[in-house]
Amino acid sequence: MEWRDFLEQESAIYDLSLEEKAAFVKRLKTEKSSNSEAKVASELNIGVAAVKKRMAEVYDKFAQSYPELATFKRRGKLEKLRACLTAKYNGGQDAHPTIKEIHQNIPPAVPFEKFVGREVELQKLHSSLQTSGQVAIVAVAGMGGVGKTELATQYAKQHLQNYQGGVCWLSAQGIDVGIQILRFAELKFKLIAPDDWEFADRLRYCWENWQQGEVLLVFDNVTDYKKQVQPYLPPESPRFKVLLTTREKFDRTLLQLPLGVLKPLAAMKLLKSPIDRERLKSEPWVAREICKFLGYLPLALELVGRYLDTMPDLSLETLLKRLEKKRLEHEAVAKANPLMRYEYGVAEAFAWEQCDFVRRPQKSAIANNLL
């Protein structure tokens, strides 16, 4: 396990908030040296006082396991915490017992510091799953590109320690969901039901022998709940939590978390995350216009931000003109083809239609993560 992954795991174990986690990982992101508080503040775009406050909260939480932290001054706390964590990471005598492996097949996610504007939704999602057991992340008005899958991915990664029974990620648009469940159980838990059993019996065998602990089942990109989800649900039990991502609105008995576009400030933060901050400062009004033009959709903003990162000499004004040209082209095609969906405007068009200046492989990879 890489040091950074270890730090993120510790963040989950000690239930750090998103703000605390960001400061903690930035402050200790290398084993032997640390970022200064000023540098961390700059990277997180907050004040030094805010960094100090967040780290004080981090020290308080880690003091549950390392009470000696309370005897050190602020600078000493950092070095003591680093020493304790390094010992644990290296498996030294002062390390705590090794944490049981949590089996999961969560897809890759963007770094948590680049996942912006969804802190409230993450908290609501966790609270809803703990109380209801089934939650659907639903795109407002069925709009694509708002980040349904990425929200589910970030949630699964950040709350992995809550699900000691594992996290099983299932693609509703892939091979049969039941087959995916059987494969997960076989690969992770060595659960192999006889081939001559009925399929439903094989599934029941897996659920009855699933590893102990709370379990998170994620059904991604669901279009038909009755066909893609319902037949494969485990027996009703409070330890099995079910999370769906979908553009559809299902029966009201299924708790739904509506997900819309980003707020303007969060959109700006996402746009600038992969590129040089000074570049946006030189054309701030154009950057705001680009965010507005893209409808504040995470997918479109991520695509544009990554493209700008590969084109350091391209001005934001030139990029905006190119986007406006693509909109005109798309409007013309949409008017000529009455069957073409155009209800969500240029932002969705940008995310899904071919763009001459965006490489297709890069776009596909990002789209798969952010839908």
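Colleague: What makes β2-β3-β4-β1-β5 an open sheet with parallel pairing?

Modeller: In this predicted model, five strands follow the order β2-β3-β4-β1-β5 and pair in the parallel sense, forming an open sheet. β2 and β5 (255-259) stand at the edges with a single partner strand each, so one side of each has no neighbour in the sheet. Neighbouring strands are turned by 20° against each other on average, direction ignored. Strands here are DSSP runs of E of at least two residues, and helices are runs of H or I of at least four, numbered from the N terminus.

Colleague: How do you know that β2 and strand β3 (residues 215-222) pair?

Modeller: Two strands pair if DSSP finds at least two bridges between them. β2 and β3 have five bridges in the parallel sense, and therefore they meet the definition. The bridge partner of Cys 168 is Leu 217 in β3.

Colleague: On what basis are residues counted, and which are left out of local features?

Modeller: Residues are numbered from 1 along each chain as its sequence is written, and side-chain values use heavy atoms, without hydrogens and water. Local features need pLDDT of at least 70 and side-chain atom pairs pLDDT 80 or more, whereas totals for chains, interfaces and linings use all residues.

Colleague: Why is helix α2 (residues 18-27) called largely enclosed?

Modeller: Buried means under 20% relative accessible area, with exposed over 50% and partly exposed in between (1.4 Å probe, protein chains only). Eight of the 10 residues of α2 are buried, so the rest of the structure largely encloses the helix. Among them are Glu 20, Lys 21, Phe 24 and Arg 27.

Colleague: What makes the buried residues of helix α3 (residues 37-44) a face?

Modeller: Glu 37, Val 40, Ala 41 and Leu 44 are buried in α3. Seen down the axis, these residues fall within an arc of 100°, so they line one face. The arc is that of the directions from the helix axis to the C-beta atoms.

Colleague: Which residues touch the most other members of the largest nonpolar core?

Modeller: A nonpolar core is a set of buried Ala, Val, Leu, Ile, Met, Phe, Trp, Tyr and Cys residues joined through side-chain atoms within 4.5 Å. Of its 49 residues, Leu 125, Leu 216, Leu 243, Leu 271 and Ile 290 touch the most other members. A second, separate core of 28 residues includes Leu 191 and Val 215.

Colleague: Which element has the lowest mean pLDDT?

Modeller: pLDDT is the predictor's confidence in each residue, from 0 to 100. Helix α17 (residues 360-370) has the lowest mean among the elements, 38.

Methods. Axes fitted to C-alpha atoms, helices over the stretch in contact; angles between N-to-C directions.
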